[in-house]
Amino acid sequence: MSGVELAVPVAAKMGEFGVGEVYTIIRGKVASSKSLDDWYNILFKHMEMLLAIKEDKEREAQRNNQKDTTNAYKLWTNLVSEAAEEVKKLIDKYKEERRLRWWHIKRRAHLSEKMEKKCNHVRELLTDECLRDFLVDKPPEPVLKELNVPQISGYATLQKALEDIVGLLKNSKIKVIGVYGTKGVGKTTILRNLNNNEEVAKLFDIVIFVKVTADNLKLQLQEKIANRLMLDIEAIKGHGDEVARRIHKELENKKYLLILDEVEGAVNLEQLGIPSDRNGSKVVIATRLPLVYKLSRVERVIKVMELSPEEAWKMFRDTVRAINPVIDSPDIKPVAQLVCKRCSRLPLLIHKIANSFKLKESASSWRVGLEDLKPWPELQNQGLEELYSCLKFCYDELKDKKKQKCFLYTSLYPTNSKVYTDYLVECWAAQGLLGDINDTRRYQSARNCGVDILEHLANVSLLEKGERMIYVSMNDCMRQLALHISSRDPECSFYLQDGDESENLPSSRVWQQARWVSMNHRIPHDLPATQDCSMILTLLLRKNSKLTTIPQTLFENMNSLLLLDLYGTRIARLPSSLSKLTGLRGLFLNNCELLKSLSYEIESLQLLEVLDIRDTKVAFVPLHIGCLTNLRCLRIPFIATDEQNEAQNVHVISKLHLLEELTIEVISYEQWCINAETVLQQVAYLENLTNLRCCFPSAIVLGNFLSRSKSWSCNQQNSFTFFVGCQNSRRPQILESFEYNVTNYLRYCDGDGQKDDWAICKILPHADAFELVCHKDIKRLSNFVGSMYLERIRGLLVKRCNKVSTIVSDTSDNTMNGFQTEKRAILPNLEQLYLENLLNLKYAFRGPLHRGTFSRLQILSLKNCPCLSEVFSNGAIQHFSELEKLKIEDCSKIEELIILRGDTETEMHLLPKLEMLLLVNLPNFKIICSTPTLAWPSLELLRIHNCPKLKTLPFDNKNAANLKSINGQQEWWDELEWANNNNEVHQRLLLMFVASNEYFP
């Protein structure tokens, strides 16, 4: 701009402001023009400093990778970047205009003013407060992926366990999930896959995976959880309550998944700081100890099983073949399969042993390796020390010498075989492992001690529990450990021959040195006839079906023998040398089907405590057992023989005055009905009898026994299995349905009411399970006996009682056989109820009912009740708040399951815990529930089979949130009708539907 250019605006200003003011303006412009170079230098230096500071801060942030920059700092860096761009433009502009002459005052002044303004902005950025504490703790990542996680997609056993866990994570009713399995079964691998699962990551705000160690469980767990949440707890470390508060505050507004692996003790989530709210957060606890999930409020348990043999071989083969394809060669593959079998189908063992074999090239080297694996605890370089150390630690932690010996003794039975708990405890007792049994200590005390030890061994995973704890088993790893320890303990030296193991020691040495001899399932070719066997305490020859003869002199030199088990052999007689076993405590001859008599030599067994001769042909009662006055447990058959007087020696029973447990297994029922009164009259003399399993031809015979029995009149804590009016059964139906062992059981058949039922009333208050079959007079259970007699019942079966019209009904009529009964809850402790073949049953339950009635019922099953029209009527359904499974089958008349006629708000919360609903062969059934307002909050499985008139389902888009599967016939599904053609509901349920034409029990 020239001087003329400047003069034009100046003249305009003169007209507007006057001469003095214009002069001031011109002087300012000139000054700004002159200071352009100065502002440039200042701005350049300030900007250079600002960029240097930014670079320094970024380097500091990179060094502190556990920290993150503040949001204010991030905003500051954006402003610095913007300022840098603007300064660069100003500098470029300056370089262009610095060549202008001095009289271009306006342009220079304008640029100078811009630089001054930007310089002030840069100066502010240089002194910004956010630069002081610009680093803060990083927020935790939603998921920290585990590295090098083994894939389980090819192994159905592991994959199913993972899918089951994911399914429970989606269940809004369950918070704490247990994952249980023996050491090495793959729990950690499953949980690592769970941690990395993309579907799981979408369900939670944060996934916390913590591997727990045994020491200092609470503080160690808190520290690991706090570290995962990136909480600074250094100042409060060791102060559990303070750390818990910090953890709680961090998690209280988050939906979290906490995975705890290898937990060895009880976990108190509240003490750790884990919020107890039900906002969809979950906790998964993995342990090898059942006691842990029992003490840690676990709501559902997933048991991880060993791999199938096919899966185990696939895992073993794939591990070896990845390095060495020689495993598929014809000479190596059979050996490799034997090696794989030694891995007990445990992924941990499979990986370790497969990796130790993968470099072996020849069949010879594989065979040498196989031999070295017997037993594997001796190996020092096969990568198995960790597993052996863990198992040995579990054994050492028993500390009690008797418990340790009980564990070692159980290894005498084949791997994974079912060893029945009653029998095993009797074996332990015979060995003296459960203390002395004498005049002051009853056999029941020893049995209780044995059961306690069994439960402990199962709870620390040294033994595996069977169904209802009726039996236990020992897996191959534990058995290897036990045999390894026993081989180094002279008191537990053994000789073993069974399907899995064989100790090939010289025969003479075996019989001279062994304390425990077991030849299960093996034909003993070398039973000694003359050798010194004085060290042997246990001889197990059980399940040798080809053993028909025992050498007459076998027991001549076994004077220390405490237990002899010949179960399942084919012997027809016992050897004469049996009389030498004067110290014998336990003799098992059950299932010796050819054995017809007990020879007089048995009289010498004066210390015998347990005798089992069930399933033999031995006549009732063997005369010689009258001499066994120390007998505490007797199990004996009643079987018809050629003798005219079947109970000719029955008087010997009363001589067994120390007898505590008696089982009479009735084979010949008709003959028993003739002799039962006589036999039971002798049984009644037994003052110490506390456990009786027997059948009574009628309730009158039972009543006579109860009135005479000295043990029952003393009100002792008796346990019993009574069959009244019918023959005994090995496996009563109601007992089979329980997950735990039920001790006191009563089955009552063909009763006709009035005077017969009084004896039943005397037994019922002590019964845990009751089966009422073919009663001729009963019309409803609530009037059969008073409610007080039914309070203890946990399992009930009512079957073929054809006058029954309702089970429990309106409490306004409270008479029993013409007598007034108490007004109280009926069956308050009942857990399972089965109603079968009740031809006149019309209304199962009719309200109003007393509070507490059916308050614990979990399973309800109705089968073949052709007149049944209503299950729950007149408000009775409100009493079934604990019901988990409901099954209705072969009930031709019923049309509707749930009839709602009251408060909608109350009705929507009915059946809150129902998980399974099964409807089978209901030809006229039309409606599950007439309204979709019912919440069905716990329902997971709906099965429909042959219900052709059922056209609608009681679900919408909101209820039944946990429903996972609808099973039924495809034709039925295709004909379903949807309210208002609601395609959205149809599509939701279609994802759950599984077509099946199979009938299910």
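Two strands count as paired if DSSP finds at least two bridges between them, and the strands themselves are DSSP runs of E with at least two residues, numbered from the N terminus. The model is predicted, with local features needing pLDDT of at least 70 and side-chain atom pairs counting only at pLDDT 80 or more, while totals for chains, interfaces and linings use all residues. Residues are numbered from 1 along each chain as its sequence is written, and side-chain values use heavy atoms, without hydrogens or water.

**View 1. Strand β22 and its two partners.** Strand β21 (residues 745–749) pairs with β22 in the parallel sense over five bridges, and here Tyr-748 stands opposite Leu-772 of β22. Five bridges also join β22 to β23 (residues 795–799), again in parallel, with Gly-795 of β23 as the bridge partner of Ala-769.

**View 2. The two faces of β22.** In a regular strand the side chains alternate between the two faces of the sheet. In β22 (residues 769–773), Ala-769, Glu-771 and Val-773 on one side and Phe-770 and Leu-772 on the other are all buried, meaning under 20% relative accessible area with a 1.4 Å probe, protein chains only.

**View 3. An open sheet of three strands.** The strands lie in the order β8-β10-β9 with antiparallel pairing. Because β8 (419–420) and β9 (464–465) stand at the edges, each with a single partner strand, one side of each is left without a neighbour in the sheet. Two bridges join β8 to β10 (residues 471–473), and Val-419 has Val-472 in β10 as its bridge partner.

Notes
Helix = DSSP H or I, 4+ residues; strand = E, 2+ residues; numbered from the N terminus. Buried < 20%, exposed > 50% of the residue type's maximum accessible area, 1.4 Å probe, protein only.
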